[in-house]
Amino acid sequence: MDKLLDNNKFYDQLALHYDSMISFEKSVNNKKSLLRNFIRPNNTSAADIGCGTGVDSISLALNGLNISAFDPSTKMLSQAKINAEKFNTAIEFFNFSANEIPDSFNDRFNMIVSLGNTFANIPKENFTNSIRKCFDILKPGGQLLIQVLNYKKILIEQKRIVNITRGGEKYFIRFYDFQEESLIFNLLQFEEKLPSEGSLTSTKIYPYVAEDFISALQNTRMDNISLYSDLKRSKYLELNSPNLIILATKG
């Protein structure tokens, strides 16, 4: 392992290449369609927690919602602002992690999304407060939509490779080192013609499972908690589903 970075520095370093790694424009078109099915007729506003370079924020804005987007990485936010302009979307961006969102945002949003494994990057000491903050900033009756990888399955199988993707001439290999209560998330990047000059960066993440979310949500009085395998609302199977999708309502 070359170096273990704190989470913000890890994503600051990743920001320049992140859009290539996730095929940004294709991801926006896909998410625009999938997220439309979660938007209620009277919804006007949404918060994107852990917005990264803006895929989900832009997808929601293209569906007609007013968006406030939050992320602790300043460089991810800088790229998100560029992407929002490219798609002609008016999104407000704020440099806060989930648990640091100011009380001035309380009771403001019809909907919160936190996709792209954001919650797995939240340290254990901030997990409960981050769920609480989601409750606080939702309007009564508002919905919270969270996606993380299915760590129940990952921890049982102990498979190290997350995925291998290509963007232009660059390859991205994402893989784990397993620890007792956390995971080390590694990203290896290299050019096709110069593989020996690649770079490896790593950060710590936290493998929260369905029970962790359900307990924290119930403690905030969120109800109608549903679990899915994907954004098409396929049935969640804890030993088979690649993702864990949580949908809950503020009572």
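Residue Q79 lies in helix α4, which covers residues 74–86; helices (H or I, at least four residues) and strands (E, at least two) are DSSP runs, numbered from the N terminus. The model is predicted, so that local features need pLDDT of at least 70 and side-chain atom pairs count only at pLDDT 80 or more, whereas totals for chains, interfaces and linings use all residues. Residues are numbered from 1 along each chain as its sequence is written, and side-chain values use heavy atoms, with hydrogens and water left out.

With a relative accessible area of 16%, Q79 is buried; buried means under 20% relative accessible area, exposed over 50%, and partly exposed in between (1.4 Å probe, protein chains only). Leaving aside residues up to four places away in sequence, Q79 touches A15, D19 and T53, where contact means heavy atoms within 4.5 Å.

Seven strands form an open sheet of mixed pairing, in the order β4-β3-β2-β5-β6-β12-β11; two strands pair if DSSP finds at least two bridges between them. Strands β4 (91–94) and β11 are the edge strands, each pairing on one side only. From one strand to the next, the twist averages 15°. Strand β3 (residues 66–70) runs parallel to β4 and is joined to it by four bridges. F70 stands opposite F94 in β4.

Helix α5 packs on this sheet, touching β2, β5, β6, β11 and β12, and its direction makes about 145° with that of β6. Axes are lines fitted to C-alpha atoms, for helices over the stretch in contact, and angles run from 0 to 180 degrees between N-to-C directions. The buried residues of α5 are F127, S130, I131, K133, C134, F135 and I137. Their cover includes helix α7 (210–219) as well as strands such as β6 (138–149) and β12 (243–250). K250 lies over the face of F135, at 4.5 Å from the ring centre; a charge sits over a ring if NZ of Lys or CZ of Arg is within 6 Å of the ring centre and within 35 degrees of the ring normal.

Aromatic rings of Phe, Tyr and Trp (its six-membered ring) pair if their centres lie within 6.5 Å, with planes under 30 degrees apart counted as stacked, over 60 as edge-to-face and the rest as tilted. By this rule there are 17 aromatic pairs. Y176 and F178 form an edge-to-face pair, because their ring centres are 6.0 Å apart and their planes stand at 65°. Y176 is buried at 2% relative accessibility, whereas F178 is partly exposed at 24%.
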